[in-house]
Amino acid sequence: MDKILEALVSSSHPLTVKRAIVKKVMEAAEKEVTEEQCQALYHLTTRLILQGEDAFQRQVGLQVQEAYARYHRDEFARFFSKEFVLGLLQQGYGSLDCRDPAILDFLHSSLRLLISCPAVLELAPLLQTEVLRIICERPEPATCAKLATILTDFPQCVPREKAGVLFCQQLVRTFAYFNCPATEERELREYVTQVTRVSVLLQGIWKAEPATLLPSLQEVFAIISSTDPSFEPSIALASLVQHIPLQMITVLIKSLTTDQNVKDASMTQALCRMIDWLSWPLANHVDTWVIALLKGLAAVQKFTILIDVTLLKIEQVFNRLWYPIVRQGALVVLSHMLLSFQHSPEAFHLELPKPNEEKIKFFLNQSAWTSQSNSFASGLLKITGKSETGKTGLVNLGNTCYMNSIIQILFMATDFRRHVMSLHLNGSNTLMKKLQLLFAFLAHTQRAAYSPRSFLEGSRPPWFTAGSQQDCSEYLRFLLDRLHEEEKTLSAFQVTSPKPEPATTSAETLNNAASQPVADMPLHPEPVAAKGDGRTLVERMFGGRLSTAIRCLQCHSLSEKEEPFTDLSLAFCPSMSKCHGPNDEHKSSSSVGPCQGAVNGGSESSEGSVKEGAGTRMERPVVEPTLSVPDLVDYFLAPEILENENCYFCERCASLQRAEKVMQVVAAPEYLILTLLRFSYDATCHVRRKILDNVGIPLHMSLPLRQHGISVTSSSSDSPESGENLAKKLKPSQKEDGMTENRTNSETNDSDSEMLSVPYVLSSVVVHSGMSSESGHYYSYGRNVSNTDGYVVHPSSKSLESSSLSESSTASQEEMGCADHKSTDWFLFNDSRVTFTNSESLRNVTGRFPKDTAYVLIYRKQEVSGQPSNPGPVVNGSRLSGEPPLQKELMDAITKDNKLFLQEQELNARARALQATSASCSFRPNGSDDNEPPGSCGPSGGGGGGGFNTISRLVF
C-alpha cells in the first residue's frame, strides 16, 4: 500500500484522480493490515508531512496517517516510540533542523492521535526533560509558542517540582530575549499572539504549582534590575504582570524596597523598565504595580530614585498618551508622577513633543470631559456632549433658523472663515468682530450647540420682527452688505484721521467717530483688507462683476454697463416651472438683479419673475425632466428681447425701440452664491406661493466668464419669432452710484468675445422646508472646500454661443470630484443638531421630502491653470494654508465659556439624577411639540432649538 501511495503522490496524474485513489487508501485502513504495512505507511506519511514537496503531499500524509492511527493505534504507538521522539527533538528529521517549527507541529499532531493511549504517559518524562532543555537554549518566540501549545494540551509533559521551578525561571529568562524586528501589522499581531500564548502557559503552571510563582518573580526582578549595558530585556515581560495576583502587591513591594541587597542603581533600572512596559499593548495592571513601587520607594524615603526616574521617563510616559490602546495606564502613571513631584517645577518644563493641529483637535474632542459616557444616566438624561462630527450646532432663539443656516454655510466657507479668524480686531465692537467671535466658538467650544444671541442682536435687519419667520437669503444679503459697508467706513476713517502714532491710538479717537455711518466702530490695529487693491473682505470673497449690454435692433448702437454682485438670483423660466398659462408664452418678464451692496428687495421674486401664472400651477407633470442649477444659470445669462411694453429707449434713435439685452459675468467671485427664486407673488389670489420644482444640484459646475474687451454678439434675428424664444426677465435700465456706463454708437460688426469656463465645486446648500415664505424651516448642508479641492482645469476659449453650462460637462466633472470626497465629508446642520451625511442625501432631498427644496447654494471657485488664485490669509507676515492661530482675546473668551459650561453640566447632571424617577413618570415622548410639522420653526424655537423636546421636529 505504501508503494502505491508513494508512486501516486509523485505521479503526474490530475489532482482529482489522485484524491480519488487517496480516498481508497484511507478507506482501506478500516480493513485488517499487517504490522509491516502499517509501519511502512507511518514512515511514508511522516516523510510526506515533514518533507513533502508541496501542500498536497503534506495534506495526504496527515490524512492517511490519521486514518491508519485511528484504526491501528497500537501499531502507531510502537512507531511513535521514545527513541523516535528523542531523535526528532535532538537531531531533527532528514534535512530539517531539530528547532524547525514543523518538528513541533508533527509532535503535537502525533500526541493528539495518542491522547487516550498509555503511550503518552510513557513519553511524559522524556518530554519534561526535553522541553526544559529546549527552553534553556533560548528559542525564538514561535518555537516557545508551539511548545506552550503542546504543554497546555498535555499538562503531564510539564516539568514537576524542582524541575518545574527551574523550568519557570528559564522560561522567564527566555522571555527577556524575545525580539520582534517585524514592522508589518500582521507580523506584529502574530508576535503578540505568540507572547500571550507563552504567558498563559506560565499562568497555568503558577496556578497548578503555587511554589513556582515567587521564584519566577524573583527572576523577573533580577532581569529588569540588571545594570549590564550590553543586555536590554524585552518588554514582552510585561505580559506576565497581568497574571500576578494583586493581593501580593503589598508583600512584594515591601520586600523589594526594604531589601538592603538591592542597590539604588538596580532599583532605578528596574523601575525604568517597568515604566517601559506601559508600551506593551495587552498588559493589564502594569500601572498599578508601577504606582505601588513609586509609593513604596517614597515610604522608605528613597527620593533620589524617584527624582531620577521621573526626569528620565516622564517624556516617554507622555508620548504613550497618543496611543489609545495604552493611554489609560500611561495617563494614571503620568498623573501620579506629576502630582507627586511637588518640590520642583522641573518636570513641568520639559520640551514635550508638539502634535499637529489635526491630532490636537482629534484628541481634544475624544478626551474632553463632556465626551465621556455617564453610566448613572440613561436616555435623554445623559449629559449632552459635542457631536461625533466635531462640529457645533446653533441654538434656535425663536424662529432664527434662517440665521443659523446662513452662519453655518459661511463658517463652512473655509477660506472666508480663515480670513475672518486671521483679522486683528482686538477691542472693537464691530459686526465683523462678533462674527469672528462666533466662528471661534463654533470651532473650539465644548458645547454641543452655541447660543448666538449677541450676534443675532447685532446682525438682525431693523425691519425683521423678533420671533418671526424670516427669509434667509434676505438676511444673507443684509449681513454681507453690513460687513462690506462697515469695512469701507472704517477704511475711510483710517485714511482721513490723523495718525501720528498708529500703534498708540487712544480709545477716545474711536468714540469721536460716533457720527460716522457705522456706529461703535473702533480703529482696527491692522486694516481688514489685506490686499492693496482696496477691496473689502466681502468683495474679495463673494464679489463679482456683471456686464449688461443692450443693443438697439434698429440702429445697432450698443450700451454697456458693469455692476458688482455678491449673489445671483436665479428665476425659473416658464417652460421650466410650468407656471404660465396657455397665453403667457409671449409675455415679457422682469427679474431681480444681482445684489450690489444694498439689499435688492430680498429673495422673493416679483410678480413677473416666474411669470404671472405662477399661482395657477396645480401639479407638476412627471414627464418633465428634472431641472438643474446649470439650467437656471443658463436662463439667467441667456439673451432676451425687449419689446412691447418693455421696449428700450434708444438715445440715438430718441425713441422706444426693440432691443436685445445680454448679461455676462466679467469677474468671477471666489465664492459664488446662487439664490433660487422659489417664492412668487400670485396677483390673482394675493398670496406668495412656493415653486416646488426639483432642481438638480451638481457637485461641480462651470461659470462662463468673459475674459476681456467689450464685445457682445447678437444672437437673435430682428424678427418677432425671436422674442418668443428669448423672452424672459426684464430689469428696467437705471443708473446707480458706482455703476459705469459706456455707450458705443458704432454700427460695425463686433467679433465674438473670448469666454473662459471657470470651474466651481459645491460648498454648501441651505434647504427650505415648507410651503411658503411665511412658514417652514431652514437647515443646511456643508463641507470644507478650499480653492484647490476638486480638480485643476486648463482654460479654454469659447464663443458666446458655446459658453452656456451643459449637463454633460457638469456630470463628468461630478464623476471626477465624487471620488475625491468621502461620504462623511458632508455635514447636516439643523439648528442644535449636527450629523454626518453625504452628497446623495443632499441631491435627493426633494425627491424624499417634496416640501424640502434647495434655496441658497454656495460654490467655491477652483484653481485654474494660468489664472491667479486667491491666497490664504497673512498672519505675522506668513501666508497660512491651514487654520490661523487663535488670538488670545478669543481664547480667553472660549476658555471662560468652557469652564462655565462644565459647571452648568455638572449642576444639571446632579439635578437630573435627583429628578430621574419623577421625570420618567411624567415624560411624554409624543407631547405637544409633535403638533408642529417636522421641518417647521414653531413658537418654541424651531427644529433643534436647544431642548430635548425638539427632537421629534427634526427634518430627518
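Trainee: Hi! What should I know about the model and its numbering?
Mentor: It is predicted, so local features need pLDDT of at least 70 and side-chain atom pairs count only at pLDDT 80 or more, while totals for chains, interfaces and linings use all residues. Residues are numbered from 1 along each chain as its sequence is written, and side-chain values use heavy atoms, with hydrogens and water left out.

Trainee: Thanks! How many helices and strands does the protein have?
Mentor: There are 33 helices and 24 strands. Helices (H or I, at least four residues) and strands (E, at least two) are DSSP runs, numbered from the N terminus.

Trainee: And how much of the protein counts as buried?
Mentor: Of its 956 residues, 51% do. Buried means under 20% relative accessible area, exposed over 50%, and partly exposed in between, using a 1.4 Å probe and protein chains only.

Trainee: What about contacts between residues 24 or more positions apart?
Mentor: Those account for 78% of the contacts with a separation of 6 or more. Contact means heavy atoms within 4.5 Å.

Trainee: Let's zoom in. Where does Asp567 lie?
Mentor: Asp567 is in the loop between strand 4 (558-565) and strand 5 (568-570).

Trainee: Is Asp567 buried or exposed?
Mentor: Asp567 counts as buried because its relative accessibility is 3%.

Trainee: Which side chains does the side chain of Asp567 make polar contacts with?
Mentor: One is that of Arg477, at 2.9 Å, and another is that of Thr675, at 3.2 Å. A polar contact is a pair of N or O atoms within 3.5 Å; within protein, one must be able to donate a hydrogen and the other to accept it, and residues adjacent in sequence count only if both atoms are side-chain atoms.

Trainee: New topic: how do helix 16 and helix 18 pack?
Mentor: Helix 16 (residues 286-299) and helix 18 (residues 324-340) have axes 9 Å apart, at an angle of about 15 degrees. Axes are lines fitted to C-alpha atoms, for helices over the stretch in contact, and angles run from 0 to 180 degrees between N-to-C directions. The two helices are therefore roughly parallel, a term for angles under 35 degrees, with over 145 roughly antiparallel, 65 to 115 roughly perpendicular and the rest oblique.

Trainee: Which residues make that contact?
Mentor: Helix 16 brings Asp287, Val290, Ile291, Leu294 and Lys295, and helix 18 brings Gly329, Val332, Val333, His336 and Met337.

Trainee: Last one: where is Lys851, and which residues does Lys851 touch?
Mentor: Lys851 is in the loop between helix 32 (845-848) and strand 22 (852-861). Not counting residues up to four places away in sequence, Lys851 touches Lys690, Leu692, His768, Ser769, Gly770 and Met771. The C-alpha atoms of Lys851 and Gly770 are separated by 5.2 Å, although the two are 81 residues apart along the chain.
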